[in-house]
There are 2 protein chains.
Amino acid sequence: MSFDAYIDKINRRLEALLPVCGCDAPGVCDAMRYSLAGGGKRIRPVLLLESCRLCGGDPDDALDFACALEMIHTYSLIHDDLPCMDDDDMRRGKPACHIAFGEATALLAGDALLTQAFAAAAQSRAAELHPARAVEAVALLARLAGAEGMIGGQAIDLQSENRAISLSRLQTMDRLKTGALMRAACELGAVLAGADAVKRAALVRYAEALGQAFQIVDDILDVTADEATLGKPVGSDAAQSKSTYVSLLGLSGARAMAQRSTGEAVDALAAFGEDAAPLRRLAEHLMTRTF
Amino acid sequence: MSFDAYIDKINRRLEALLPVCGCDAPGVCDAMRYSLAGGGKRIRPVLLLESCRLCGGDPDDALDFACALEMIHTYSLIHDDLPCMDDDDMRRGKPACHIAFGEATALLAGDALLTQAFAAAAQSRAAELHPARAVEAVALLARLAGAEGMIGGQAIDLQSENRAISLSRLQTMDRLKTGALMRAACELGAVLAGADAVKRAALVRYAEALGQAFQIVDDILDVTADEATLGKPVGSDAAQSKSTYVSLLGLSGARAMAQRSTGEAVDALAAFGEDAAPLRRLAEHLMTRTF
């Protein structure tokens, strides 16, 4: 199945998985829909579905886990944009959730997306068919999204504001902040498909290299892109005096490192042969993205 | 097992279940520990363990779900206290999380507790022994904690600030905001024990009546308690012009309603006979609590 077809399925399913709030909490549900809809590249859920397929699983069974992962990614953006965090007014070319709905509603919408993600995962077809795999996948998702994963990276990010940090600290931060959910995508796909340890480890290596390349390209785009294409303000890293791959390595050094990481991602899938061509192309495509 | 013995187990296990963050995110992990430790009455996890026992399950198998529920309760308090929400500086007799650690760290600590709750549940002994029950329990927990449950109640609360609301709206709000996690406690205990539908429904009725009584007593204490005993400022409902059971029914009307709800909770357990005596006593005890 093409990635566009995956994205279609993901978008339709995301809408169906959101709670129907009736009269009780319309603002929060509207804010959840607003932030989930439109603009997202859906990289993480696509990675999950394709990793599942590559390991012999049925992507349809894993669809709700893929949507759960996108909900978690989206909640993290809502909370990251709040005034007490990065204080960003724009996201994906439109006002950030707290600008559109107010801070309190944005806070709750983020909380609700994170919570709904676990409802979706635990009610998925995968959970019905293979409950033991599903509980393993839920645990993995929670660990990678939590204080030892993505949130740990956000915490390092907080501590690093207005302060120069070393390249290795930056790599640790990004391995957690960006890499953990990329890893979750690929590893969950493998777990839900019942993949063996070798395939699972190969996908984890792919995801970690891809996550690093992705973050380096993000840093590059913050310097080189124009705001209309990127959908958010450019130059915000420099404005906040954040250490980035560009500030530490220069633009060409950062590009070389992203290229190297992309190569590592591609190489990690060698054992899968031609069947992994779509994931290899995705890595190369993300290297040359402009937003 | 006595409730004090349950509380001991819960407190020890909560500590063990928190992530070991090493050098990566010490602030967030410290804030998680700070808010989880001390002062909490642990009503929800105790209810879960005792409901499990009452339905023939082993409370030890359900312990991590009980801790998960307490983590979710604690995260909701951290986020509720934030300046953009209720803006409360004190909680359980000490500075609120965001006063002690700053807003950004408190936000992340809440997110991390919510996330860690699902890791704990999915890695529990219950999940190992009965994965199908565990995925059902995870889904139930997420639904009751989410936009259609607790968060829905918080959203109504937001909309109701500085505005009079009807008794029935207040009851809807509290059924979600307070009642949903009480229900989660009792219903999860039943699900994890593999209880039949009749027992499960009886425990749900007990939990909903108990939750209503609990909230009414909360409103009464906000008027009648002293700050040192309550561990948080009194009179905050009136200061925020919130409709409460006391403002709508008067103090004696509120007391009568709490008494009625407590009676309903006690009656709901009739079919369990003498074995339900501890849960009945808990309902009566909560009616007369002073904090």
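How many residues of chain A are in contact with residues of chain B? The count is 47 residues of chain A in contact with 47 residues of chain B, where a contact means that two C-beta atoms, placed from the backbone, lie within 7 Å. This is a predicted model, in which local features need pLDDT of at least 70, side-chain atom pairs count only at pLDDT 80 or more, and totals for chains, interfaces and linings use all residues. Residues are numbered from 1 along each chain as its sequence is written, while chains are lettered from A and ligands numbered from 1 in the order in which they are written.

**The interface**

- Two or more residues each come from α2 (26-36), α6 (103-122), α8 (131-145), α9 and α10 of chain A on the side that touches chain B.
- Helices (H or I, at least four residues) and strands (E, at least two) are DSSP runs, numbered from the N terminus.
- The largest share of this side of chain A, 13 residues, is given by α6(A).
- By residue type, the side of chain A that touches chain B has 32 nonpolar, 10 polar and 5 charged residues.
- Here Ala, Val, Leu, Ile, Met, Phe, Trp, Tyr, Cys and Pro count as nonpolar, Asp, Glu, Lys and Arg as charged, and the others, Gly among them, as polar.
- The copies meet through the same surface, because 100% of the interface residues of chain A are also interface residues in chain B.

**Symmetry**

- Chain A is superposed on chain B by a rotation of 180 degrees with 0.0 Å of shift along the axis, at an RMSD of 0.0 Å.
- The two copies are therefore related as by a two-fold rotation axis.
- The superposition is by least squares on the C-alpha atoms of residues with pLDDT of at least 70 in both copies.
- A:Pro131 is the residue of chain A that comes closest to the rotation axis, at 2.7 Å (C-alpha).

**The fold of chain A**

- Chain A has 16 helices and 2 strands.
- Of its 291 residues, 56% are buried; a residue is buried if 20 or more other C-beta atoms, placed from the backbone, lie within 10 Å of its own, exposed if 12 or fewer, and partly exposed in between.
- In helix α10 (residues 167-177) of chain A, the buried residues include A:Leu170, A:Met173 and A:Leu176.
- The buried residues of α10(A) pack against α9 (150-159), α11 (179-192), α12 (197-224) and α15 (245-268) of chain A.

**A positive phi**

- A:Arg92 is not a glycine, yet has a positive phi of about 50 degrees.
- A:Arg92 sits in the loop between β1 (90-91) and β2 (94-95) of chain A.
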